[in-house]
Amino acid sequence: MLPNALQRSRADHVPVLAGEVRELLAVRPGETVVDATFGAGGHAALLCADLQGEGRFVAVDRDATVRPYFERFQRDCRVPARFLRGDFAVVLGQLAGNGVEADAILLDLGVSSMQIDRPERGFSYAADAPLDMRMDTTAPRSAADVVNEADERELADAFRRYGEERFARPIARAIVRRRGERPFERTSELVDVIRSAIPAPRRFGDGHPAKRVFQALRIVVNEELESLERALPAALSMLRPGGRVAVVSFHSLEDRIVKRFFAAQARGCVCPPELPICVCGKEPTLRLVTRKAVRPSPGETAENPRAGSARLRVAVRA
Ligand SMILES: C[S@@+](CC[C@H](N)C(=O)[O-])C[C@H]1O[C@@H](n2cnc3c(N)ncnc32)[C@H](O)[C@@H]1O
């Protein structure tokens, strides 16, 4: 039986695949745990409970507004805990560079419910607010900057690649035409332009018409894929032998990056097959704990629709 977790508030972000993350990260007393995407600390509370009062906890998040959640967590977590604000790609690299070692690292990617549900953050197409979407509110470029400055082709490519938006080109064209009259400032202005650029019969049936463009912009503004690409090797270099890394991703582009990284690190010899013996000497650095991504149960998705697209992959330092 896993020990009871710390108390949480009903308004918090609901941790996704929480039981599976806890089971597969298998934190033991005395270990060092790094939660690289602290959010409301839902996963952190569970992992901290498994330390049973022995070990260390490092929490990372690029969003300074999670600090009160960390303070509540720190009061209840019975081990020394630190909060480091910043992009996990940078922070994990710095920790590794300073010789900090970890036994368990979690990356639960994307945005939290608190970020989406606070209209003033500008992540939601459902509420009128400044067109912002920065997880780190001190970052230099907001969604309005991207929409007002990127050229038409860049916008169309981003909408297609990161949002799988079928009307990427007409939407990008409509944005460029509209910003020639007046720059975009608010989410509702963008929603109106997206809606008008999608042919009327196609505006309904595949979710909100602005859903895919908003996802794409969020990924661009926060450089989400670049951060993930840089964070994975940094996480690996922090792990002690036997240390575990778990990544929860929410769309196929993220999951592909994780899957490829884990597979490449789990591979041994990379010599061409025609060589009779290995000359590369490459040893695997990771062992896969999950061969296929773990998906949420229908029950979890019914209770928390945001969990629907989650995929969990876990690997162990060889
Ligand atoms: C899905 S939420 C995590 C929720 C958390 N696991 C919980 O149970 O409450 C993702 C969090 O990671 C943060 N985040 C996303 N990308 C980040 C990055 N590159 N560096 C640091 N924090 C990041 C977001 O600001 C957000 O608070």
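In this predicted model, an oxygen atom of the ligand sits 3.2 Å from a polar backbone atom of Gly41, and an oxygen atom of the ligand is also found 2.7 Å from an N or O atom in the side chain of Asp61. A nitrogen atom of the ligand, in turn, has a backbone N or O atom of Phe88 at 2.7 Å. Of the 610 Å² of accessible area that the ligand has on its own, the protein covers 99%.

**Ligand shell**

- The ligand is surrounded by 24 residues, and the closest of these are His43, Asp61, Phe88, Asp108 and Gln115.
- By residue class, the shell around the ligand comprises 11 polar, eight nonpolar and five charged residues.

**Cysteines**

- The whole structure contains one disulfide, which is formed by Cys48 and Cys77 with their sulfur atoms 2.2 Å apart.
- The link of Cys48 and Cys77 is right-handed, with 75° about the S-S bond.
- Because Cys48 belongs to helix H2 (residues 42–51) while Cys77 belongs to the loop between helix H3 (67–76) and strand S3 (81–85), the pair ties together parts that are 29 residues apart in sequence.
- Both Cys48 and Cys77 are buried.
- Cys278, by contrast, takes part in no disulfide, and the nearest cysteine sulfur, which belongs to Cys269, is 3.7 Å away; a disulfide would need the two sulfur atoms within 2.5 Å.
- Cys278 counts as partly exposed because its relative accessibility is 40%, a value that falls between the limits of 20% for buried and 50% for exposed.
- For Cys280 the closest cysteine sulfur is that of Cys271, at 3.7 Å, which is too far for a bond.
- Cys280 has a relative accessible area of 34% and is therefore partly exposed.

**Helix H10**

- Helix H10 (residues 211–221) is largely enclosed by the rest of the structure, because nine of its 11 residues are buried.
- The buried residues of H10 are Arg212, Val213, Phe214, Ala216, Leu217, Arg218, Ile219, Val220 and Val221, a list that includes two arginines, Arg212 and Arg218.
- The cover over the buried residues of H10 includes helix H6 (143–149), helix H7 (152–163), helix H8 (168–181), helix H9 (187–197) and helix H11 (224–238).
- After H10 comes Glu223, which has a positive phi, near 45°.

**Thr290, a loop residue**

- Thr290 is located in the loop between strand S6 (286–288) and helix H13 (298–303).
- With a relative accessible area of 7%, Thr290 is buried, because the value is under the 20% limit.
- The side chain of Thr290 reaches the backbone nitrogen of Val314 at 2.9 Å.
- When its neighbours within four places in sequence are left aside, Thr290 is in contact with Leu24, Leu312, Arg313 and Val314.

**Arg153, a helix residue**

- Arg153 is part of helix H7, one of the helices that cover the buried residues of H10.
- Arg153 counts as exposed because its relative accessibility is 66%, which is over the 50% limit.
- From C-alpha to C-alpha, Arg153 and Leu288 are 39 Å apart in space, and 135 residues separate them in sequence.

Technical notes
Residues are numbered from 1 along each chain as its sequence is written. This is a predicted model: local features need pLDDT of at least 70, side-chain atom pairs count only at pLDDT 80 or more; totals for chains, interfaces and linings use all residues. Side-chain values use heavy atoms; hydrogens and water are left out. A residue is near a molecule or strand if one of its heavy atoms lies within 4 Å of it. A polar contact is a pair of N or O atoms within 3.5 Å; within protein, one must be able to donate a hydrogen and the other to accept it, and residues adjacent in sequence count only if both atoms are side-chain atoms. Accessible areas come from the Shrake-Rupley method with a 1.4 Å probe; for residues, only the protein chains shown count as cover. Ala, Val, Leu, Ile, Met, Phe, Trp, Tyr, Cys and Pro count as nonpolar, Asp, Glu, Lys and Arg as charged, and the others, Gly among them, as polar. Helices (H or I, at least four residues) and strands (E, at least two) are DSSP runs, numbered from the N terminus. Buried means under 20% relative accessible area, exposed over 50%, partly exposed in between (1.4 Å probe, protein chains only). Contact means heavy atoms within 4.5 Å.
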